[in-house]
Amino acid sequence: MDVLWMGTPLVTRPGEIFSSRVAASICVAMGMPHLVTRNAQDYRRVVLALISKQGGRDRLHRIRREAESRRWSSQLFDTDIGVRRLERASRMMWEVKAAGLPAYHVILMP
């Protein structure tokens, strides 16, 4: 998250490793799904486009500005929203437990 907070592009490809899936989730939460790739070829294409001499610098600057502006409106960096969502999830899990229901995944929509 610090990378995107600083406006540095984070190109990622979700895979078997937990951290790669987290990085993809962070990019999507920041409203930057175009930095999440599907496979190695797609990853290479995106990275090469960002470093190419033909427009790469402009793309990097645009992504940096995009990340810097979105950090102020993103739920990802809004502690108050995060706390309220965690409290709501905890309350829902407690209600399931108190009702004697079997545990299940709690999914909170924004």
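The structure is a predicted model, in which local features need pLDDT of at least 70 and side-chain atom pairs count only at pLDDT 80 or more, while totals for chains, interfaces and linings use all residues. Residues are numbered from 1 along each chain as its sequence is written, and side-chain values use heavy atoms, with hydrogens and water left out.

The protein contains five helices and zero strands, helices being DSSP runs of H or I with at least four residues and strands runs of E with at least two, numbered from the N terminus. Read from the N terminus, the order of elements is α-α-α-α-α. The radius of gyration is 18 Å, well over the 13 Å that the globule rule gives for 110 residues, so the protein is more spread out than a compact globule. Here the radius is taken over C-alpha atoms, and the rule is 2.2 Å times the number of residues to the power 0.38. Along the principal axes, the C-alpha atoms fill a box of roughly 60 × 30 × 20 Å.

Of the 110 residues, 23% count as buried; buried means under 20% relative accessible area, exposed means over 50%, and partly exposed lies in between (1.4 Å probe, protein chains only). Contacts are heavy atoms within 4.5 Å. Among contacts between residues at least 6 apart in sequence, 54% join residues at least 24 apart.

In soluble globular proteins, nonpolar side chains tend to be buried together. In this model the largest nonpolar core has eleven residues, namely Leu4, Val11, Ile26, Cys27, Met30, Met32, Leu35, Val46, Leu50, Ile63 and Ala67. Helices α2 (18-29), α3 (40-51) and α4 (56-70) each supply at least two residues of this core. A core of this kind is a set of buried Ala, Val, Leu, Ile, Met, Phe, Trp, Tyr and Cys residues joined through side-chain atoms within 4.5 Å.

Val46, in helix α3, counts as buried because its relative accessibility is 10%. Beyond its neighbours within four places in sequence, Val46 contacts Val11, His34 and Thr37. Its C-alpha lies 11 Å from that of Leu10, a residue 36 positions away in sequence. Leu50, with residues up to four places away not counted, touches Pro9, Val11, Gly56, Arg57, Arg59, Leu60 and Ile63.

The partners of these residues are also worth a look. Thr37 sits in the loop between α2 and α3 and, at 3% relative accessibility, counts as buried. Apart from neighbours within four places in sequence, Thr37 is in contact with Val11, Thr12, Arg13, Pro14, Asp42, Tyr43 and Val46. Leu60 belongs to helix α4 and counts as partly exposed, with a relative accessibility of 31%. With neighbours within four places in sequence set aside, Leu60 contacts Pro9 and Leu50.

Finally, Leu86 lies in helix α5 (residues 79-98) and counts as exposed, at 55% relative accessibility. The C-alpha atoms of Leu86 and Phe18, 68 residues apart in sequence, are 21 Å apart in space.
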